[in-house]
Amino acid sequence: MKDNIISEMDVTTDKIKISARNVQVYYGENRAIKDVSVEIQDKTVTAFIGPSGCGKSTFLRCINRMNDTIDICRVEGDILIDGEDIYDSSVDPVQLRAKVGMVFQKPNPFPKSIYDNVAYGPRIHGLSRNKSELDDIVERALKRAAIWNEVKDRLQAPGTGLSGGQQQRLCIARAIATEPEVLLMDEPCSALDPIATAQVEELIDELRQDYSVVIVTHSMQQAARVSQKTAFFHLGNLVEYGATDKIFTSPEDPRTESYITGRIG
Amino acid sequence: MTDMSNSTTPQNSLLRQDARTIRRNRAETRFKAYGVAAISVGLLMLVILLVTIIGRGAGAFQQTFLTLDVQLLEAKLDKKGNRDLEDIKKVSTFGYAPLMAAALEKKVAQSDVESDLKPKEMAALLSKDAAAQLRDFVLANPDLIGTSVEFRFLTNSRVDGYMKGRVTRASIANDKSINAEQLDLVDALIKDGALEKRFNLAFITGADASDARPEAAGMGVSMIGSLFMMLVVLALALPIGVAASIYLEEFAPKNWITDIIEVNISNLAAVPSIVFGILGLAVFINYMHLPNSAPLVGGLVLTLMTLPTIIISTRASLKSVPPSIRDAALGVGASKMQSVFHHVLPLAAPGILTGTIIGLAQALGETAPLLLIGMVGFIASNAPDGIASGLMDPNSAMPAQIYEWAKRADPAFYERAWGGIIILLVFLITMNAIAVMLRRRFERRW
């Protein structure tokens, strides 16, 4: 908890980045998210916790409209980023996803070189005018993802040849190379060993200076370590949302308390 | 000691198998034996097949030739003496026959063979195609007129059969094409060294020949017909098939319409090929008035036949690309199309290529649809001289040529049919080997 208190002091803004109002998500007939309203702050790590199947990943995937790729999925309610409704018919999800990056549960580098993995986003969004600018973007992203020193001598080696933890940091580098404003992470450490997990967590804390980070995690210790705000989901409901230390020390809802103390989930 | 060991042996000893385990193990042994037996039978059949094909077909790659010194008399071949190709062309094969007969007579006179045969009977040993052979040679080398050249003539198929053991003195009793005296002369010429079996390149490169001259028939032109059909199939079926699969797999909404399309594509793959043939006849020839027997039409029909194969294999390889790659591409803000063309398609490419090659190999061996569009039959065309004539001129295809030979009466054609099968198999094995190699080469682990 000591780390947590230090980072708590770092929070410099109360600006609301993402604001969800009465969000409902249906998979066919099945209602996966029930009436969730939440306000996520800028330059803050927000953790979504809850038992498996409680809808936390589904809700996360609503924030960059990844759920659009699932035919039977239907989203109701409003999700606003900087006050703009991202489900407005004039919003192109491709543009949205450039602004809201995502890191997935399983490290999924493209089967291309490390360089091409990171350069792919900037290339398709036209963020660089020439090769040296692109080189700079790649280097900066890899440095911020704390993997530069390990890969700088083999940028042309395949990204799939890295270890699991390195692959995940490469995916983070790939996500931040397009300069997003929000970074969504769906259980980014579930496939990693404790050392790699520690590296990624440290990285998440650093990324907070520039981004609004939303992380879904199964590990309550991880939520406590990296986040300032925590939201507890249960059976599609947002049960409790508040400052992380408050959720973990004095939860208001009995369900939150049961989950945190290990009685449910 | 015995007492002690008895007392320490537990009731359910692991050292002794119980009845159930023994039964189970026996069942397993039996099952393995069935498997080995099944595979052995399969392998045996394969060996028998290959031995039969090679045993019967290898002979077609060899042909009996008679080497003679021919006087290319200027008086007969180029009366004006100015070596004008147009004038030389006016001399038909009838003009060449006497030259060959004279050469053969001279050969017989030189070697001390006693023969009562008339010159005409002697000349019958040569192929009916021999004069045309010589004429082609002279037209290609008009400068040699007036000189004497050593020329290798094709012999009659009976002489060839005698060399290969197909024709014997006993078997010619009722054969009007050859008699015992002629065979005596053949024996003498063999002893002399003028008559010998050699590798016959013309079988691989040449055109089909009429019923009377099996020794001159070759696969070459039908091979070109097959090649042009494959080009048409590749140029049409690959882009259409891949585009259709990408649309169905990645973009199309999943509803009952796409379900029906999907079921129908699978069904199309099982439609008998002759149905595609009659469709081609009705649509491409009767309605669109494309020429009969043209490789273009054959290619179009085979395209229809190959499309389902390509679509099914392409969809399977698109499906096998892990969804995490699509998520990754969409996650960094790639559009659907970018994610497909930048990431999914390159990863699926080896599978698509393999499917395409296997589809092509299938099309290459297909005969039935060609029956209906007139590509099976005696197609006396020579090698096409360009892409347009290759596509539009009447031609045959390798399997159709084999079928055509197999139904002719002369046993010499029968041998050529087996030889044609060897060539076709070499093509098919090569294509399949390429498919396997590509799959091995580009296979990825995730």
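Of the 446 residues in chain B, 37% count as buried, a residue being buried if 20 or more other C-beta atoms, placed from the backbone, lie within 10 Å of its own, exposed if 12 or fewer do, and partly exposed in between. The model is predicted: local features need pLDDT of at least 70 and side-chain atom pairs count only at pLDDT 80 or more, whereas totals for chains, interfaces and linings use all residues. Residues are numbered from 1 along each chain as its sequence is written, while chains are lettered from A and ligands numbered from 1 in the order in which they are written.

**View 1. Overall dimensions and fold content of chain B.** Chain B comprises 20 helices and three strands; helices (H or I, at least four residues) and strands (E, at least two) are DSSP runs, numbered from the N terminus. Its radius of gyration is 32 Å, whereas a compact globule of 446 residues would have a value near 22 Å. This quantity is taken over C-alpha atoms, and the globule rule is 2.2 Å times the number of residues to the power 0.38. Along the principal axes, the C-alpha atoms of chain B fill a box of roughly 105 × 80 × 35 Å.

**View 2. Helix 14 of chain B and its bend.** Helix 14 covers residues 295-319 of chain B, and its 25 residues should span 36 Å at 1.5 Å a residue; the end C-alpha atoms are 34 Å apart, which agrees. The expected span is 1.5 Å times one less than the number of residues. At Thr306(B) helix 14 of chain B bends by about 35 degrees, and Pro308(B) follows within four residues; the bend is the angle between axes fitted to the seven residues ending at a position and the seven starting there. Helix 14 of chain B is mostly covered, with 22 of its 25 residues buried.

View 3. Helix 19 of chain B (residues 398-406) has seven of its nine residues buried. Among them are Met398(B), Ile402(B) and Trp405(B). The cover over the buried residues of helix 19 includes helix 11 (220-251), helix 17 (368-372) and helix 20 (411-442) of chain B.

**View 4. An open sheet in chain A.** Eleven helices and ten strands make up the secondary structure of chain A. Because its radius of gyration of 18 Å is close to the 18 Å that the globule rule gives for 265 residues, chain A is as compact as a globular protein of that length. An open sheet of four strands has the order 2-1-4-5 with antiparallel pairing, two strands being paired if DSSP finds at least two bridges between them. Strand 2 (30-41) and strand 5 (84-85) of chain A stand at the edges with a single partner strand each, so one side of each lacks a neighbour in the sheet. Strand 4 (residues 73-81) of chain A is joined to strand 5 by two bridges, and Leu80(A) has Asp85(A) of strand 5 as its bridge partner.

**View 5. The side of chain A that touches chain B.** Here 20 residues of chain A are in contact with 16 residues of chain B, contact requiring C-beta atoms, placed from the backbone, within 7 Å. Helix 3 (93-99), strand 6 (100-103), helix 4 (114-125) and helix 7 (164-176) of chain A each give two or more residues to this side. The largest share, four residues, comes from helix 4 of chain A.

How values were computed. Two residues are in contact if their C-beta atoms, placed from the backbone, lie within 7 Å.
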